[in-house]
Amino acid sequence: MPLSWVICLILVLVDLLGGVRGEVGNFSPCLHFFYKGSPPKGLGSGPGWSKICQRYKNQYRFASLYRSQWRSPLYSAYIFTPGGMKRPPTQWKYEPQLASSSASPNMKPFPPEVLDQNVLDSQAVLPDYTNSSYTKGHLSPNLHHRDLLDKKATFTLTNVVPQKAGSNGGPWAQLEALVRARLTDYCTGPAFVVTGQLPYAQPTSINNRVAVPEYLWSAYCCPTYNHSLPGGLQETFPTFAAMGRNDPLSSQEIVPVNSSARATVRGYDVRSMPLKILEKYLEQRLGEPVHVFSECCSGAGD
Ligand SMILES: *[C@@H]1O[C@H](CO)[C@@H](O)[C@H](O)[C@H]1NC(C)=O
Ligand SMILES: *[C@@H]1O[C@H](CO)[C@@H](O)[C@H](O)[C@H]1NC(C)=O
Ligand SMILES: *[C@@H]1O[C@H](CO)[C@@H](O)[C@H](O)[C@H]1NC(C)=O
């Protein structure tokens with residue numbers, strides 16, 4: 001047998017042993033959602049992570065890094081598009097390939113009947129959130145997408161973390177609106193966004209199933225932008241980052257609390273910060289140096 005065949009055979013075997021092919025298991029079909037085609041470094045190395053190319057009606061919509069043990073994502077990565085104003089009516093969906101690698105590559109609406117055990121084991125389901133005191137917090141939010149099907153695709157529980165209503169309807173919603181306005185006004189090329197959760201140092205969960213984040217975080221990279229920025233925005237291009245509290249009782253070292261805020265949102269503050277500072281906090285909690293964007297979103301060559 002010629003050597004080239006042997007090499008080819010080995011590659012095929014490695015591919016098969018590598019297990020899941022298709023939409024869960026590999027970011028290669030959806031690398032275009034990452035700046036320079038490069039997923040964040042230092043987030044989700046090691047075993048136990050599922051790379052999901054979020055596919056809906058046969059098109060890729062965004063990407064998520066999911067941990068079945070947490071039954072929630074570490075982050076979702078997407079390209080922001082301006083003009084996506086209204087939340088569409090849609091059903092909540094789940095990811096069939098997390099339950100079985102031979103299942104449909106498209107996300108599917110939750111069926112009315114009871115789901116099979118493989119689905120229950122591999123991911124969060126709607127009853128996890130019922131009566132939990134947490135809302136379903138989007139990482140890739142529908143308001144950052146213009147296309148109707150892109151918007152609908154954000155309503156999958158693999159893009160959701162347990163988020164307190166005070167954050168989801170308060171400062172975090174304001175951050176999403178501010179980022180949307182700023183990117184719409186000043187970003188002249190693609191804007192790559194990565195939004196994720198920071199778990200508690202002592203894992204905390206709903207019903208011993210769905211990991212609850214202590215903080216949410218978000219960062220964008222907009223390498224081509226309008227350089228005539230107003231004063232306060234000079235530091236917010238090409239990159240920007242923020243962290244938001246999801247627990248009023250957390251210490252104030254990462255994000256301080258505004259004690260004069262309205263009671264319904266008090267303790268859910270969001271702090272804007274340079275990307276480097278966000279990466280430092282992620283490294284401290286997750287244990288590895290983190291680089292959210294390749295070459296720090298230098299924009300070189302863009
Ligand atoms: C939520 O609480 C209500 C009222 O206590 C109860 O009837 C219902 O079964 C609960 N649902 C779930 C999914 O736990
Ligand atoms: C850049 O921003 C300035 C000030 O906001 C505005 O006047 C100008 O038209 C913008 N240029 C482009 C190319 O969008
Ligand atoms: C704290 O909240 C109050 C009430 O919303 C607001 O007026 C004030 O500007 C906030 N302070 C800071 C430092 O954000």
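Which strands does helix α7 lie across? Here are some notes on this predicted model, starting with that point.

1. Helix α7 (residues 171-186) lies across β3, β8, β11 (213-221), β12 (239-245) and β13, and runs at about 5° to β11. Contact means heavy atoms within 4.5 Å; axes are lines fitted to C-alpha atoms, for helices over the stretch in contact, with angles from 0 to 180 degrees between N-to-C directions. Helices (H or I, at least four residues) and strands (E, at least two) are DSSP runs numbered from the N terminus.

2. The open sheet has seven strands in the order β1-β2-β3-β8-β11-β12-β13, with antiparallel pairing; two strands pair if DSSP finds at least two bridges between them. Because β1 (49-56) and β13 (270-273) stand at the edges with a single partner strand each, one side of each is left without a neighbour in the sheet. From one strand to the next, the twist averages 20°.

3. Inside that sheet, take a look at β3 (residues 72-80) and β8 (residues 191-199), which pair in the antiparallel sense over six bridges. Y78 stands opposite V193 in β8.

4. There are six salt bridges in the structure, each a side-chain nitrogen of Lys or Arg within 4 Å of a carboxyl oxygen of Asp or Glu. One of them joins K36 to E295, with the closest N and O atoms 3.5 Å apart. This pair links distant parts of the chain, 259 residues apart: K36 is in the loop between α1 (3-17) and β1, and E295 is in the segment after α8 (275-286).

5. Two backbone details deserve a glance. The peptide bond from F237 to P238 is cis, with omega near 0°, and P238 is found in the loop between β11 and β12. N207, in the loop between β9 (205-206) and β10 (210-211), has a positive phi of about 50° although it is not a glycine. Most residues other than glycine have a negative phi, and most peptide bonds are trans.

6. Around ligand 2 are Y186, N226 and S228, each with a heavy atom within 4 Å of it. A polar side-chain atom of N226 lies 2.3 Å from an oxygen atom of ligand 2. Taken alone, ligand 2 exposes 360 Å², and the protein buries 31% of that (Shrake-Rupley method, 1.4 Å probe).

7. On conventions, residues are numbered from 1 along each chain as its sequence is written, while chains are lettered from A and ligands numbered from 1 in the order written. Local features need pLDDT of at least 70, side-chain atom pairs count only at pLDDT 80 or more, totals for chains, interfaces and linings use all residues, and side-chain values use heavy atoms, leaving out hydrogens and water.

Conventions
Polar contact = N/O pair within 3.5 Å; in protein donor to acceptor, adjacent residues only side chain to side chain.
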